[in-house]
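My entries follow in the order of looking.

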Amino acid sequence: MPRASRAPGVHRLDPQFSEEPPSQEELLLAAAYVSDAQYNRNVPFETSPQAIRLYYVYNHWTMRAATYFFIGVDLSLALFEDPALFSLPFLATSVAEVLCLTAFFGRLVHFAKVTPQRVFWKDTKNICIMVTIALTLADLIIYGSLEAVHIHGVRWSRALRPVFLINLPESRQIRRAFRSIRNTLPDIFYVFFLFMFSVLVFSLMALKLFGNRSLKTAEGSPYFENILEIAFELYVLVTTANSPDVMMPAYDLNSWNSLYFITYIIINTYIFMSVFLAVVYNNYRKHLKNEIRKLAYLKRHKMIEAFNILKVKVGTEFVVTEDVWKRLAKVVVPDISSSHLELLLRISDEGQKGHVDKTNFLRLADLLNIQVVTINIRRHPLEAWLPRVYQSSASLLVQKMVRHRIFVWVYDVIIIINAIFIAQEGSISYSEWLFLSLYVIEILLKLYTYEPRAYFGRKQFWNWFDTLIILAALVATVANATIQSAKTYNSQQILDIVLILRILRLLRIIISIQRFRVIVTTLINIGPTMLTFGGLVFVVYYVFAIIGMELFHGKVQFFDPDSTAPEALVCGNPALRDSAFARDRYCKNNFNDLAAAFVVLMELTVVNQWHILAGGFALVTHQAAKLYFILFHVVVVILIVNIFIAFILEAFFVAYSLEKSEVETAIEKKIQELGVGVQEEEVQDGKLNDNMDAKAGGFSGHDEDNKRKTLKGLYFRIASKKYKTVDTLLQLMFESEIAPEDEGPSLDEILNFSPSDIYPKNPNFENSA
């Protein structure tokens, strides 16, 4: 039906300029564009009604959760396959894997139904998934056939399982991390070539200097007489794992020989490793800027598409009417509250004209991404039950004292004193009653001063944390005092753990110091994105673990420390006799199951003693096995760790600039201008009533009074001004440089952006990124 409130001069922007409101199909299509912009999804999809509905199903959280479930099951099968941590029959694991492959194929078919066919078949990740499914099925058939005739085969396709984690559309962040590595490889290759050339030159020098001196290592082996062994030892020296052991025979011969090793370490450890970091960091910044630029323009493109679907003409301006805007927001975020929707509309509809112009419409995705807390103004229950007592001069004095900053400082000092007492042996039992009493009094005073439901609000983490820790300590202390007679029970251990947790309150003191705030903000910002790097490292670990299990499983055995078996001294393999591997009791560092393999890879990442591990597995297999460990060091320590360091540096620089410049989005500023925002820094320990009283004058005029009545005492504040990821902040900074009327390049140009492009020129973003 046509809208009854259609303003004069309003026209639908279609060929007939229809007066009809947008159809449900048009609304769903526009909402799909807005949702993609909100979550930075880059999925080209068909615009037919059936494809749009399939696209909504495709993006539903249950579908994504099911996909991750099957990915987790597929990856965890290595725990149950030979060599297994928990052994299961081949039939059980193969059936589970076929089910997972079926789920992945179904997800791929679903994706093919919503995206254009030409785009689907040009997408490399779709081809990778299909090829991996085919190879895995072929490997399953071949391996199963060999097992049926009692011939042991190799499950080589297990190393391909992370392909599903990387290439399914849900894992776009991990794919971006791999793209950073892929884009960095060409530049880092030249540095690595020079580095290896330097190692080989120094290896030849060492062969000539020390090869004919009849020197012996501490184990009695020939010293620097084989060029390959020399190259390996010098490569290990770059990691400093065998320093100064590798130098000692030559140093004992002549002190001047130390100059050779010092020169080598300066050139290869300090100069080349620093150049590696510089190259990785420079490329990371360059490709990050390109990614952010692409995401920003794709989001702008999606929002313009949504606007063009819904826009009507009012006078000479194209706009989206208020009721259509509300319907759109409800489709994108079905569970949004009416008060929250009213707030967003007030931000978007400047001047309360009954419609939203293009500039404000393009902000909708950002508007929905800002987490806004709805605060309901309530009176304290005691004020309603005992108004005369609660409003008495003595009561008001108590409330004023609790609200004062000195009250917080006093309890900060008490926390520090409590931490000192905890550190003192034998001084906890009696003093803890005093501290617990003080903490209970603190909570009671705050509950007396602040409205309880506000004090224990959903976002009041520290209030919940303090209360739960104090209650746990109180319960443990009472339990310890009442059951002291039970000789077999020692509740003091539980109490000690609870008391240690109390020290976490010191974080509040650290955050209150201005100079520490940048570091804390950086840690908060990099938290979610560290999951991406965690996924990246997991993928690399998984591939190397599977390969290591195939190469080395059963070669090293672990025996109980009390075992008297002769094999225990050589880790079950005579090849390890008199080796540093066996002498250092590294028998449990093996590849006999997935969990043990991950532990070994973690030890290799830490680098210390990695050459002992490499040497041990080379002894039980072949000297060429050292290439496996060198390759792992190159991929993880030199490449991935340096990318992670580059990310940490970028996160710190951005967080520092944010702290100094106090960057705010236009939306955050608008919330504050409307007078319905509560500054986050002011909201501490449940100080909600005070802040909202201070903001009560934000609504003015007859229209504003009507709005206050509509909101029924609800106020809003931004849940957090600390951006979840550095990428998000950089994208917002980049978007701030795009003029509202700039529709940007075409979709094909956006998708083909390269880091070498100079378009668009953006000095502010350049300085930041």
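I counted a salt bridge where a side-chain nitrogen of Lys or Arg lies within 4 Å of a carboxyl oxygen of Asp or Glu. This is a predicted model, in which local features need pLDDT of at least 70 and side-chain atom pairs count only at pLDDT 80 or more, while totals for chains, interfaces and linings use all residues. Residues are numbered from 1 along each chain as its sequence is written, and side-chain values use heavy atoms, with hydrogens and water left out.

Entry: salt bridges.
I found 17 salt bridges in the structure. I take helices (H or I, at least four residues) and strands (E, at least two) as DSSP runs, numbered from the N terminus. I use buried for under 20% relative accessible area, exposed for over 50% and partly exposed for in between, with a 1.4 Å probe and protein chains only. Glu81 is buried at 6% relative accessibility, and Arg155 is buried with a relative accessible area of 6%.

Arg155 also forms a salt bridge with Glu97, at 3.2 Å from N to O. Here the loop between α6 and α7, with Arg155, is linked to helix α4, with Glu97, across 58 residues. Glu97 is buried, as is Arg155. I then traced the network of salt bridges that links Asp74, Glu81, Glu97, Asp139, Arg155, Arg158, Arg161 and Glu550.

I also looked at Glu442 and Lys446, whose side chains meet in a salt bridge at 3.2 Å, N to O. Both residues lie in helix α20 (residues 428-449), 4 residues apart, or about one turn of the helix. Glu442 and Lys446 are both buried.

Entry: aromatic pairs.
I paired rings of Phe, Tyr and Trp (its six-membered ring) if their centres lie within 6.5 Å, calling planes under 30 degrees apart stacked, over 60 edge-to-face and the rest tilted. The structure holds 47 aromatic pairs. I noted Phe90 and Tyr143 as a tilted pair, with 5.3 Å centre to centre and 55 degrees between the planes. Phe90 sits in helix α4 and Tyr143 in helix α6, so the pair ties together parts 53 residues apart in sequence. Phe90 is partly exposed, with 29% relative accessible area, whereas Tyr143 is buried at 9%. Tyr223 and Phe224 have ring centres 4.3 Å apart and planes at 5 degrees, so I logged this pair as stacked. Both Tyr223 and Phe224 are buried.

Entry: single residues.
I placed Leu234 in helix α9 (residues 227-238). Leu234 is buried, with a relative accessible area of 0%. For contact I used heavy atoms within 4.5 Å. Leaving out residues up to four places away in sequence, Leu234 touches Val199, Phe202, Ser203, Phe224, Tyr260 and Tyr264. I read 10.0 Å between the C-alpha atoms of Leu234 and Met247, which are 13 residues apart along the chain.

I found Lys311 in the loop between α11 and β2 (312-314). Lys311 is buried at 12% relative accessibility.

I found Ile262 in helix α11 (residues 258-310). Ile262 is partly exposed, at 43% relative accessible area.
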